Amino acid sequence: MGTKLIVGLDGHGSGERAVIYARKLAELIGDCELLLVYVVEWSPYSFQTAEENEQRHKRREEEISTAMQRVVDPAVAKLNAAGVKASGKVRHGDVASILMMVAEEEGAEQIVVGRSSEGGFAKRIFGSAASNLVMQASVPVTVVN
């Protein structure tokens, strides 16, 4: 069984830089698989009515589908076309927690994320996620500029 690397995507340049770097690592390693993970930030701690919860569930499913189609699938296809073994998934939750959980579930050797410099939402998410990953992950974390 080869090496597995988790790559955090954010739909911005920082995620693309993480993919480029992870591709280089995969090519150097040889028998390596990249698992691209896009996390839709979502908190289960919200008090809502049953109707609101049903709508929220539907919205979550739509977000997963949209993220797969717009961000994950194109990145996976590009890597596969270049001969790099890759797959992808979308999850809801806290970015750092989800990436650490996926790394553990998949038996990954490393997590690769981009340090955001775009500002706004992406910076808030991947700035704090990268810091949390570096401090808490049970596997090595590479933060790409």
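## Starting at strand β2

Glu-33 is found in strand β2, which spans residues 32-40. This is a predicted model, so let us begin with what it says about this one residue. With a relative accessible area of 18%, Glu-33 counts as buried, because the cut-off for that label is under 20%. Setting aside neighbours within four places in sequence, Glu-33 is in contact with Thr-3, Lys-4 and Leu-5, and also with Lys-85 and Ser-87.

Strand β1 covers residues 3-9, and strand β3 covers residues 85-92.

## The overall layout

Stepping back, the protein has four helices and five strands. Read from the N terminus, the elements follow the order β-α-β-α-β-α-β-α-β. The protein has 145 residues, and 41% of them count as buried.

Taking contacts between residues at least 6 apart in sequence, 74% join residues at least 24 apart.

The average pLDDT for the protein is 88, and 88% of the residues score at least 70. Confidence is highest in strand β1, at a mean of 97, and lowest in helix α4 (residues 120-136), at a mean of 69.

Please take some care with one stretch. Over residues 121-126, pLDDT stays under 50, and the model has 17 contacts beyond four places in sequence for these residues. Where pLDDT is low, the predicted coordinates should not be read in detail.

Lys-89 has its place in strand β3. Is this lysine buried or exposed? Lys-89 is buried, because its relative accessible area is 19% and the cut-off is under 20%. Its side chain makes a polar contact with the side chain of Glu-106, at 3.3 Å. Tyr-38 is 51 residues from Lys-89 in sequence, yet the two C-alpha atoms are 6.5 Å apart in space. Beyond four places in sequence, Lys-89 touches Leu-35, Leu-36, Val-37, Tyr-38, Met-68, Val-72, Val-102 and Glu-106.

Val-72, one of those partners, is in helix α2. At 0% relative accessibility, Val-72 counts as buried. The residues that Val-72 touches, again leaving out those up to four places away, are Leu-9, Leu-36, Tyr-38, Ala-67, Gly-88, Lys-89 and Val-90.

## Two residues of helix α1

Helix α1 runs over residues 13-29 and includes Ser-14. Ser-14 is buried, with a relative accessible area of 1%. Which side chain does the side chain of Ser-14 meet in a polar contact? That partner is the side chain of Asp-10, at 2.3 Å.

Arg-17 lies in helix α1 too. Arg-17 counts as partly exposed, because its relative accessibility of 25% falls between the cut-offs of 20% and 50%. A polar atom of the Arg-17 side chain lies 3.0 Å from the backbone oxygen of Asn-145. Arg-17 also has Arg-115 at 8.9 Å, C-alpha to C-alpha, although 98 residues separate the two in sequence.

## The largest pocket

How much space lies in the largest pocket? The volume is about 380 Å³. Its lining is made by 15 residues, and those nearest the centre are Glu-16, Val-19, Ile-20, Ala-75 and Lys-78. The elements giving two or more residues to this lining are α1 and α2, the latter covering residues 50-81.

How values were computed
Residues are numbered from 1 along each chain as its sequence is written. This is a predicted model: local features need pLDDT of at least 70, side-chain atom pairs count only at pLDDT 80 or more; totals for chains, interfaces and linings use all residues. Side-chain values use heavy atoms; hydrogens and water are left out. pLDDT is the predictor's confidence in each residue, from 0 to 100. Contact means heavy atoms within 4.5 Å. Buried means under 20% relative accessible area, exposed over 50%, partly exposed in between (1.4 Å probe, protein chains only). A polar contact is a pair of N or O atoms within 3.5 Å; within protein, one must be able to donate a hydrogen and the other to accept it, and residues adjacent in sequence count only if both atoms are side-chain atoms. On a 1 Å grid over the protein atoms alone, a cavity is a set of points where a 1.4 Å probe fits but cannot get out, and a pocket is an open set with protein on both sides within 12 Å along at least five of seven lines; lining residues have an atom within 4 Å of a point. Grid points are joined across faces, edges and corners, and a volume is the space filled by probe spheres set on the points.
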